[in-house]
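Please find below some notes on this structure, written for someone who has not looked at it before. They are meant to be read with the model open.

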Amino acid sequence: MTIVVLDGFTLNPGDLAWAELESLGTCTIYDRTPPGEVLSRAAGTEIVLTNKTELPRHAIERLPRLQYIGVLATGTMLRPVRSCSRCAMRLGVRVLILRPRMRGGAARSRRRRATPQRPAA
């Protein structure tokens with residue numbers, strides 16, 4: 001399994017370890033990803049994790065191996081996330097938006113399950 005974190009610095013400015021994530025597969029972590037490099041950095045990966053870096057429709061459609069998008073954020077810009085989610089779901093890609101931990105409880109999540117399958121390339 002291949003994993004790419006597009007903007008790891010936002011989530012982890014150096015005070016946390018990525019070992020748990022790295023134990024799941026081949027993991028590449030970028031501190032920041034400019035919009036023009038999203039496609040090249042995510043090419044060939046199965047899992048993309050992002051905080052503030054947007055995954056536009058044209059990028060999602062050009063990532064045939066993509067199976068999962070994780071939005072790791074304490075707040076979300078709803079319009080880009082909804083657009084990304086709709087496009088991804090049409091292609092059979094799962095999208096999970098993690099919410100911040102609430103007092104006395106675990107992190108909340110909002111899962112959008114994909115039902116259609118990605119067309120064969």
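The points below take up the strands, the nonpolar cores and the salt bridges in turn.

1. The model is predicted. The comments that follow should be read with that in mind.

2. Start with strand 3, residues 47-50. Strand 1, which covers residues 2-5, runs parallel to strand 3 and is joined to it by three bridges. Val 4 is placed opposite Val 48 of strand 3.

3. Strand 3 also pairs with strand 4, again in the parallel sense, over four bridges. Here Leu 49 has Gly 70 of strand 4 as its bridge partner.

4. Which way do the residues of strand 3 point? Ile 47 and Leu 49 point one way, while Val 48 and Thr 50 point the other way. All four are buried.

5. In soluble globular proteins, nonpolar side chains tend to be buried together. In this model the largest nonpolar core has 19 residues, of which Leu 55, Ile 60, Leu 66 and Ile 69 touch the most other members. Two or more residues come from each of helix 3 (38-42), helix 4 (57-61), strand 4 (68-72) and helix 5 (78-90). Helix 5 is the largest contributor, with three residues.

6. Another core, of seven residues, lies apart from the largest one. Its members include Leu 21, Cys 27, Ile 47 and Leu 72.

7. How many salt bridges does a search of the whole structure find? There are two. Side chains of opposite charge can pair when their charged atoms come close.

8. Glu 37 is partly exposed, at 32%.

9. The other salt bridge is between the side chains of Arg 65 and Glu 46, at 3.6 Å from N to O. This pair links distant parts of the chain, 19 residues apart. Arg 65 sits in the loop between helix 4 and strand 4, and Glu 46 in the loop between helix 3 and strand 3. Arg 65 is partly exposed, with 44% relative accessibility, whereas Glu 46 is buried, with a relative accessible area of 16%.

Methods. Residues are numbered from 1 along each chain as its sequence is written. This is a predicted model: local features need pLDDT of at least 70, side-chain atom pairs count only at pLDDT 80 or more; totals for chains, interfaces and linings use all residues. Side-chain values use heavy atoms; hydrogens and water are left out. A nonpolar core is a set of buried Ala, Val, Leu, Ile, Met, Phe, Trp, Tyr and Cys residues joined through side-chain atoms within 4.5 Å. Buried means under 20% relative accessible area, exposed over 50%, partly exposed in between (1.4 Å probe, protein chains only). A salt bridge is a side-chain nitrogen of Lys or Arg within 4 Å of a carboxyl oxygen of Asp or Glu. Two strands pair if DSSP finds at least two bridges between them.
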